[in-house]
Amino acid sequence: ADTKLVVLIGDPVAHSVSPAMHNAAFRERQLPYTYEALRVTTDHLAAAVSSLRGANLRGANITIPHKTAVMSLLDAVDAAAQRIGAVNTIVNQNGKLTGYNTDAPGFLAALRKSGFEPEGRQAVVLGAGGAARAVVFALKDAGAEVAVINRTFSTARALAAETGTRAFETSAEGYRQALEGAVLVVNATSVGLSPEEAATPLPQEWLRPDLTVFDTVYRPRRTCLMREAEAAGCAVIGGLEMLAAQGALSFELWTGQPAPLAVMLQAAEAALV
Ligand code: NDP
């Protein structure tokens, strides 16, 4: 069979670990696919997406800043992605493009892989942007009770209203109320992301040893929040686990085959600079 191409569409994409991760997976499964990153600015998004209908293209990943804008350019969007309002994966089926969101189920898979079952538990999500939306919907669908905290309170309140969760401010009182009874904290803000590695989205004083702390940020691999959570005795899960898990689910959508998750995690880790 001819080699099929899968592309990553975003801006910037230069430091993405997805090409290394997916090419390692295609090699492992001996599939005739290659994965390439394409830097695409907003004014070229429509043309880039349209080109995915070509016979030699199997699909794409979509990343910052196009996850929402891409939705109107597709032939179909899966119901979960529609609710979240973001597409990170596209499959080309004979010229018909369907959009999916694998961030939400990828987050849940990474959480469960660590042994944490969210059903019936109380969780706090830091952030109310795209990643936070995926995390809140995932936790809610999995039967968790969720509190959303965001710097911009109005965005937290809107997300909470939409998902039947509660919103709190980034104040001492907000943290106190949100964290009361919580057993899981998820950072879905960009705080702690390189080069601002000394920043943390949650003041250290709120970390308790009975908390599981999941940081979706994966660059650096160990964030300030992760280090402080570890020091406080929390169970800690890093964003690379989510990256590999969402990648694995995208791989399965393109190939119809089970993804080599361990190989993907290892390749992502090795490619992370
Ligand atoms: P968005 O721009 O949509 O949202 C950013 C969020 O971070 C907002 O809630 C914003 O708050 C908050 N924020 C940003 N700067 C600050 C600050 N200085 N202080 C407090 N809050 C701040 O980005 P995304 O949701 O798309 O991505 C967020 C992060 O999630 C990414 O940086 C990435 O690290 C991670 N991610 C990880 C994935 C994985 O697979 N591991 C997948 C996708 C994302 P406000 O509303 O007030 O601006």
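Which residue is the bridge partner of leucine 8 in β3?

## The mixed sheet

In β3, leucine 8 has asparagine 61 as its bridge partner. Keep in mind that you're looking at a predicted model.

Reading across, the order is β2-β1-β3-β5-β6-β4, which makes an open sheet of 6 strands with mixed pairing. At the edges sit β2 (33–39) and β4 (76–77), and each of these pairs on one side only.

## Helices on the mixed sheet

Two helices come next. Helix α1 (residues 18–28) packs on this sheet and touches β1, β2 and β3. Compare directions, and α1 makes about 170° with β2.

Helix α9 (residues 239–255) packs on the sheet as well. Its contacts are with β1, β2, β3, β5 (89–93) and β6 (96–100). The direction of α9 makes about 5° with that of β5.

## The parallel sheet

There's another open sheet of 6 strands to find, and here the pairing is parallel. Its order goes β9-β8-β7-β10-β11-β12. Look for β9 (166–168) and β12 (235–237) at the edges, where each pairs on one side only. From one strand to the next, the twist averages 20°.

Note on methods
Residues numbered from 1 in each chain as written. Predicted model: local features only at pLDDT ≥ 70, side-chain atom pairs only at ≥ 80, totals over all residues. Pairing = 2+ DSSP bridges. Helix = DSSP H or I, 4+ residues; strand = E, 2+ residues; numbered from the N terminus. Axes fitted to C-alpha atoms, helices over the stretch in contact; angles between N-to-C directions. Contact = placed C-beta atoms within 7 Å.
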